[in-house]
Amino acid sequence: MTYKESLEYLTSLGRFGIKLGLDRTQALLHGLGDPHDLFQGVHVAGTNGKGSVCAMLASILKAAGYRVGLMPKPHLISYTERIQVDQLPITEADFAALLTEVQPVINRVAAELGPPTEFEILTSAALYHFARSGIDLLVCEVGLGGRLDSTNVLDLGVDVITNIALDHTQHLGSTLEAIAAEKAGILKPDSIAITAAQPPALAVIESAARDRQIPLLRLGHEIEVAAIDKAWAGIAATVTTPADTYRDLRVPLLGLHQAENAALAVAAIDALRSRGWDISDGALRDGLARTRWPGRLEVIDRHPIILVDGAHNPAGLERSLAAVRTLAGGRPLVIVFGAMKDKDLAAMLAQLRAMETPVIFSAIDWHRAATPAQLAEAFGEGSETAASARAAIDRARERAGANGIVLICGSLYLVGETIALTRAREGRPAVSRR
């Protein structure tokens, strides 16, 4: 297959949607020689912050001299982003060759257990690729939930659950406790568990750790963090774990909420050290300071400043809006918002209204997206609509002025479109996410 053909093949599997469960993934991996049994590393679940924690960990481990596999989710522009070695995405040619190689196994599994989903195939193919690439450590972000997520075939030794909030309730349950139970499904015997979850979800994770007889390090208990917001320079954090106190750690990611993610990453590094991995304090500091995580309060243009953020649930949006309010410092702010129609739109629109700043609702080129008209009607007076991301951004630039700030948020699909438009404007290549 060519890369284009491989994308068409994967997209054709989208009709099978989300099918939670591990049987097909296990069968795929068995057909590929069980590559998942080779790896150690960190498995990261949670409602928000998963990707940031994974990015920090991958950066630290690379600084320590290890060859690191990274499985972030979802991608912003290209499927190749989901399979990274040393934070470099797989090439399009290698991606196409990889899918071509695993296709016979996919066909056999489909005949026996029904067609695997796009996510199950991507998970299996990534792990096969990492085995052939000779990685030292794997950092894997959970796709959805945990217990029945395809990535839960992994037993990496360190399991992180960032936090618990209401999202994907149609799949994970309508209470914090139910969602916590699903995410606690990644905890494995003989592993080390780490979490920033708060009550009532925390009790569920504590119970799961007790059942598996594994240690659980909790933010606010065994882990402490104090941070200073350095505005556009990121944050400075002091993190205390049972192993040590790490002072004045610099993280370039924007928003004080990144201190929590940094604390979890530091605790995970300590856990890897306790399992025999050699990671110096210098690598820890250098890796954190070099962390980059596209699409999360990322500055992609200036005059005006264009910030993109993938927060797509009320808990995540609350953190992002608080950070942007601080960053704006009284400068004109315009928000471009788009979201999937299955999200908690009422709560997010209420947060936008409370900002008391111009809001432009953008169309998103995705079948699950709410229309700008639907969002504007639910929002009430004082908003505008745009028929495309390009039109929304152009109008937001105009309203913000050269010295203002434009925040584009509400959906990773919208963020991906925005980054692609910016790259095209700068003459850089941009690949469709479909």
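1. The structure is a predicted model, in which local features need pLDDT of at least 70 and side-chain atom pairs count only at pLDDT 80 or more, while totals for chains, interfaces and linings use all residues. Residues are numbered from 1 along each chain as its sequence is written, and side-chain values use heavy atoms, with hydrogens and water left out.

2. K73 sits in the loop between β2 (68-71) and β3 (84-85), where strands are DSSP runs of E with at least two residues, helices are runs of H or I with at least four, and both are numbered from the N terminus.

3. Leaving aside residues up to four places away in sequence, K73 touches F119, C140, E141, V142, G143, T151 and R296, contact being heavy atoms within 4.5 Å. Of these, V142 is 69 residues from K73 in sequence, with 7.6 Å between the two C-alpha atoms.

4. The side chain of K73 reaches the backbone oxygen of M71 at 2.8 Å, and a polar atom of that side chain lies 2.4 Å from the backbone oxygen of E141. A polar contact is a pair of N or O atoms within 3.5 Å; within protein, one must be able to donate a hydrogen and the other to accept it, and residues adjacent in sequence count only if both atoms are side-chain atoms.

5. In strand β6 (residues 157-161), 5 of 5 residues are buried. Strand β1 (residues 41-45) runs parallel to β6 and is joined to it by 5 bridges, with H43 opposite D159. Strand β7 (residues 192-195) also pairs with β6 in the parallel sense, over 4 bridges, and here I161 stands opposite T195. Pairing requires at least two DSSP bridges between the strands.

6. K73 returns in the lining of the largest cavity, together with M71, P72, R82, I83, F119, L122, T123 and A126. Helix α5 (residues 118-133) gives the largest share of that lining, 4 residues. A cavity is a set of points, on a 1 Å grid over the protein atoms alone, where a 1.4 Å probe fits but cannot get out, and lining residues have an atom within 4 Å of a point.

Definitions and conventions
Buried < 20%, exposed > 50% of the residue type's maximum accessible area, 1.4 Å probe, protein only. 1 Å grid on protein atoms, 1.4 Å probe; cavity = no way out; pocket = protein on both sides within 12 Å on 5 of 7 lines; lining within 4 Å.
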